[in-house]
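Hello,

Here is the structure I promised to pass on. Please open it first, then read my notes below.

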Amino acid sequence: CIAISFSEDGMHFSSPVNLRTAQLGWRTSKSDGTGSIEFRAEDHPAAGVLLRNDSSGMPVVWFYLQKRVHGLSMRESNSSDLDDSNYLARFIMPAAQLQKLALAGLTELRTSRSS
């Protein structure tokens, strides 16, 4: 999954909140194709988060993900198909939704730290 946590001091973080699911890939523990099988998420966050306005002027947050990161899966790939190649994708969330998640996460963090 692609998740986000919140912090006030950079040392203590809220529980992660799932933002997106990610394709699950597999590979072997050794680069020659031998060894035990490891499962890895093929998608990773990239380029941080940007605050923008959508076409109606509402604030939205842009998240960027690197999709199908090379080396994280040995599944067969068809490079002519965009869904099977490595690329950068943008996902959009209303800023108010992210603000609600942040407030809930920081409230949880404060509550757990005061206990």
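**Overview of the chain**

Of the 115 residues in the chain, 26% are buried. Please keep in mind that this is a predicted model. The chain holds 1 helix and 7 strands. Read from the N terminus, the order is β-β-β-β-β-β-β-α.

**The nonpolar core**

Which residues make up the largest nonpolar core? There are 10 of them: Ile4, Phe6, Val61, Phe63, Met93, Ala95, Leu98, Ala102, Leu106 and Leu109. Two elements give two or more residues each: strand S6 (59-67) and helix H1 (95-114). The largest share, 5 residues, comes from H1. As background, nonpolar side chains tend to be buried together in soluble globular proteins.

Leaving out residues up to four places away in sequence, Phe6 touches His12, Phe13, Ser14, Leu98, Leu101, Ala102, Gly105, Leu106 and Leu109.

**Ser14**

One of those partners of Phe6 is Ser14. Ser14 sits in the loop between strand S1 (2-4) and strand S2 (17-20). Is Ser14 buried or exposed? Ser14 counts as buried, because its relative accessibility is 4%, and the cut-off for buried is under 20%. Beyond its neighbours within four places in sequence, Ser14 is in contact with Ser5, Phe6, Gly105, Glu108 and Leu109.

**Salt bridges**

How many salt bridges are there? The count comes to 4.

Arg110 and Glu8: their side chains meet at 2.4 Å, N to O. This pair links distant parts of the chain. Arg110 is in helix H1, and Glu8 is in the loop between S1 and S2, 102 residues apart. Arg110 is partly exposed, with a relative accessible area of 45%. Glu8 is also partly exposed, at 48% relative accessibility.

Arg27 and Glu38: this salt bridge has an N to O distance of 3.1 Å. Arg27 lies in strand S3 (residues 24-28) and Glu38 in strand S4 (residues 37-41), so the pair ties together parts that are 11 residues apart in sequence. Glu38 counts as partly exposed, at 22% relative accessibility. The pair also belongs to a network of salt bridges, which links Arg27, Glu38 and Arg40.

Asp43 and Lys67: here the side chains meet at 2.9 Å, N to O. Asp43 is in the loop between S4 and strand S5 (44-53), while Lys67 is in strand S6. The two residues are 24 apart, and this pair too links distant parts of the chain. Why does Asp43 count as buried? Its relative accessible area is 2%, and buried means under 20%. Lys67 is buried as well, with 12% relative accessibility.

**Where to look**

Move on to helix H1, the source of 5 core residues. Then find Arg110 in H1 and its partner Glu8 in the loop between S1 and S2. Finish with Asp43 and Lys67, whose side chains meet in a salt bridge.

Best wishes

Key: Residues numbered from 1 in each chain as written. Predicted model: local features only at pLDDT ≥ 70, side-chain atom pairs only at ≥ 80, totals over all residues. Heavy atoms only, no water. Core = buried A, V, L, I, M, F, W, Y, C linked by side-chain atoms within 4.5 Å. Buried < 20%, exposed > 50% of the residue type's maximum accessible area, 1.4 Å probe, protein only. Helix = DSSP H or I, 4+ residues; strand = E, 2+ residues; numbered from the N terminus. Contact = heavy atoms within 4.5 Å.
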